[in-house]
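Colleague: Could we go through a few of the labels you use and what stands behind each?

Modeller: Happy to, one term at a time.

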Amino acid sequence: MEEILLETEMNMQSAIESLDKRLLNIRAGRANPAILDGVMVNYYGAPTPLKQLATISIPEARQLMIKPFDKSSLGLIEKGIYEANVGLTPNNNGEVIILNIPALTEQTRRDYVKQSKQIAEEAKIALRNIRQSANNDIKKLEITDDEKKALNDDVQELINKFNKIVDDKFKAKETELMTV
């Protein structure tokens with residue numbers, strides 16, 4: 001019985017971690033190297049994460065600087081950034097690639113808030129699916145109805161706790177996005 005609760009909590013925690021990663025990729029008008037987490041570069045025929053090919057630093061609040069370990073990969077990195085469709089145009093000066101992050105317009109901020117809300121809703125759906133799975137496992141147990149009810153209540157407490165976490169993370173992201 002405890003295993004079901006532990007497994008359910010672990011699965012819900014993974015859903016929250018996934019939410020964190022997805023929210024991190026929504027930019028808030030400030031330079032954040034996480035924007036480039038999904039960028040893959042076709043390096044010697046193999047898709048390689050940008051992080052493994054270069055150092056990414058923040059020389060200014062609205063600028064990312066990518067300094068490749070191998071200068072011959074500059075063009076490939078630039079192409080990878082274009083293909084990743086992160087919404088930024090790379091400037092290659094032969095040594096490093098500079099990404100200037102434009103200030104967000106009011107409409108862009110609202111669009112990003114909508115996108116964040118969608119991601120938060122998807123996280124809640126994932127949590128509900130995890131709860132449903134746990135409840136189905138509880139139904140299969142050979143225990144009394146009172147024990148099943150108590151377990152279902154515990155699972156409901158878990159989902160309430162994790163839904164609050166999702167709401168808090170969304171509110172924090174919304175505040176971050178709408179702050180000029």
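Modeller: Let's start with helix α2 (residues 74–84), where Leu74, Ile77, Glu78, Gly80 and Ile81 are buried, that is, under 20% relative accessible area with a 1.4 Å probe and protein chains only, while exposed is over 50% and partly exposed lies in between. Helices (H or I, at least four residues) and strands (E, at least two) are DSSP runs numbered from the N terminus. This is a predicted model, with pLDDT of at least 70 needed for local features and 80 or more for side-chain atom pairs, while totals for chains, interfaces and linings use all residues. Residues count from 1 along each chain as its sequence is written, and side-chain values use heavy atoms, without hydrogens and water.

Colleague: Why is Thr48 called buried?

Modeller: Its relative accessible area is 12%, below the 20% limit, so Thr48 counts as buried. Thr48 is in strand β2 (residues 46–49).

Colleague: And why is Tyr44 called exposed?

Modeller: Tyr44 has 69% relative accessibility, which is over 50%, so it is exposed.

Colleague: What makes Tyr43 and Tyr44 an edge-to-face pair?

Modeller: A search of the whole structure gives one aromatic pair. The ring centres of Tyr43 and Tyr44 are 4.7 Å apart, within the 6.5 Å limit, and the planes are at 70°, over 60 degrees, so the pair is edge-to-face; under 30 would be stacked and the rest tilted.

Methods
Rings of Phe, Tyr and Trp (its six-membered ring) pair if their centres lie within 6.5 Å; planes under 30 degrees apart count as stacked, over 60 as edge-to-face and the rest as tilted.
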